[in-house]
Amino acid sequence: MNIAGRPLRYWVGSAVLKTLGWEVEGSAPSVSKYVLVAAPHTTWWDLPITLGVGYVLGLDVTWIGKHTLFEPPWGGFFRWLGGVPVDRRSSLDQVQQMVELIRSRERIALVIAPEGTRGQTPYWKSGFYWIARGAEVPIALGYLDYRRRRGGVGPMFQPGESLDEDVQRIRNFYATVTAKHPEHFSNIRLRAR
């Protein structure tokens with residue numbers, strides 16, 4: 001549905017951000033498929049603000065969430081927002097499922113919050129990295145900076161042969177981004193697969 005030449009999601013995103021006092025920085029990546037890291041993730045507010053930023057930028061937002069979010073009565077609404085349920089208890093290879101999802105679409109910004117929870121953890125979940133490698137798409141570093149109340153998409157890179165170098169690149173970028181609850185922002189470390 002388009003209103004005044006813009007999709008309905010744009011107007012929803014604009015309304016959410018304006019109501020919460022947030023602004024969008026930058027522009028959408030020029031590639032059609034990528035994994036978009038959503039960080040930091042320390043509050044439930046991160047989801048609506050991230051979606052608002054994505055919709056205003058015109059991203060083809062698809063995000064994964066805990067399967068229980070998609071149960072009635074809200075399941076249909078979350079799917080409309082671009083959500084895809086994931087059951088973390090399942091033994092199915094979720095990385096491969098997401099690789100296939102990316103391959104099946106002409107355009108997609110697969111949004112993943114690697115912290116996986118709003119509390120601090122010793123490691124980020126590395127699935128986003130292996131999904132990008134498997135689908136042969138770049139990783140874009142999305143951010144919400146609560147100190148400045150700005151969100152956007154930072155640098156993009158193709159994951160290479162050195163996990164350590166890629167993690168350092170990610171760590172360097174997020175060093176200047178302030179979480180809502182900085183004490184809950186997890187260490188940016190990935191386990192080798």
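Q: Where is Arg149 found?
A: Arg149 is found in the loop between E8 and E9. The labels H and E stand for helices (DSSP runs of H or I, at least four residues) and strands (DSSP runs of E, at least two), numbered from the N terminus. The structure is a predicted model, in which local features need pLDDT of at least 70 and side-chain atom pairs count only at pLDDT 80 or more, while totals for chains, interfaces and linings use all residues. Residues are numbered from 1 along each chain as its sequence is written, and side-chain values use heavy atoms, with hydrogens and water left out.

Q: Why is Arg149 called partly exposed?
A: The relative accessible area of Arg149 is 33%. Buried means under 20% relative accessible area and exposed means over 50%, with partly exposed in between (1.4 Å probe, protein chains only). Arg149, at 33%, therefore counts as partly exposed.

Q: What makes the phi of Arg149 worth a look?
A: Arg149 is not a glycine, and yet its phi is positive, at about 55°. Most residues other than glycine have a negative phi. Glu136 also has a positive phi, near 55°, and is a residue other than glycine.

Q: Is Glu136 buried or exposed, and how do you know?
A: The relative accessibility of Glu136 is 66%, so Glu136 counts as exposed.

Q: Why does Asp46 count as buried?
A: Asp46 has 2% relative accessibility, so it counts as buried. Asp46 belongs to helix H2 (residues 46–57). Contact means heavy atoms within 4.5 Å, and, leaving aside neighbours within four places in sequence, Asp46 has Pro40, His41, Leu144 and Tyr146 as its contacts.

Q: What makes the peptide bond from Ala39 to Pro40 stand out?
A: This bond between Ala39 and Pro40 is cis, with omega near -10°. Pro40 lies in the loop between E4 and H2. Another cis bond runs from Pro72 to Pro73, with omega near 10°, and Pro73 is in the loop between E5 and H3. Most peptide bonds are trans.

Q: Why is Gly154 called partly exposed?
A: Gly154 has a relative accessibility of 25%, so it counts as partly exposed. Gly154 is part of strand E9 (residues 150–157). Beyond its neighbours within four places in sequence, Gly154 is in contact with Leu141, Tyr143 and Phe173. Tyr143 is 11 residues from Gly154 along the chain, and their C-alpha atoms are separated by 7.1 Å.

Q: Why are helices H1 and H2 called oblique to each other?
A: Two packed helices are described by the angle between their axes and the distance between the axes. The axes of H1 (residues 8–20) and H2 come within 8 Å and cross at roughly 130°. Axes are lines fitted to C-alpha atoms, for helices over the stretch in contact, and angles run from 0 to 180 degrees between N-to-C directions. Angles under 35 degrees count as roughly parallel, over 145 as roughly antiparallel, 65 to 115 as roughly perpendicular and the rest as oblique. H1 and H2 are therefore oblique. Residues making the contact include Gly13 and Leu17 of H1 and Gly52 and Val53 of H2.

Q: How do you know that strands E5 and E6 pair?
A: Two strands pair if DSSP finds at least two bridges between them. Four bridges join E5 to E6 (residues 83–86), and these strands run parallel. Three bridges join E5 (residues 61–66) to E7 (residues 108–112), again running parallel.

Q: What makes E3 and E6 the edge strands?
A: The open sheet has seven strands in the order E3-E9-E8-E4-E7-E5-E6, with mixed pairing. E3 (23–25) and E6 are its edges, as each pairs on one side only. From one strand to the next, the twist averages 25°.

Q: What kind of unit do E5, H3 and E6 make?
A: E5, helix H3 (residues 75–80) and E6 make a right-handed β-α-β unit. A crossover is right-handed if, with the strands pointing away from the viewer, the path from the first strand over the helix to the second runs clockwise.
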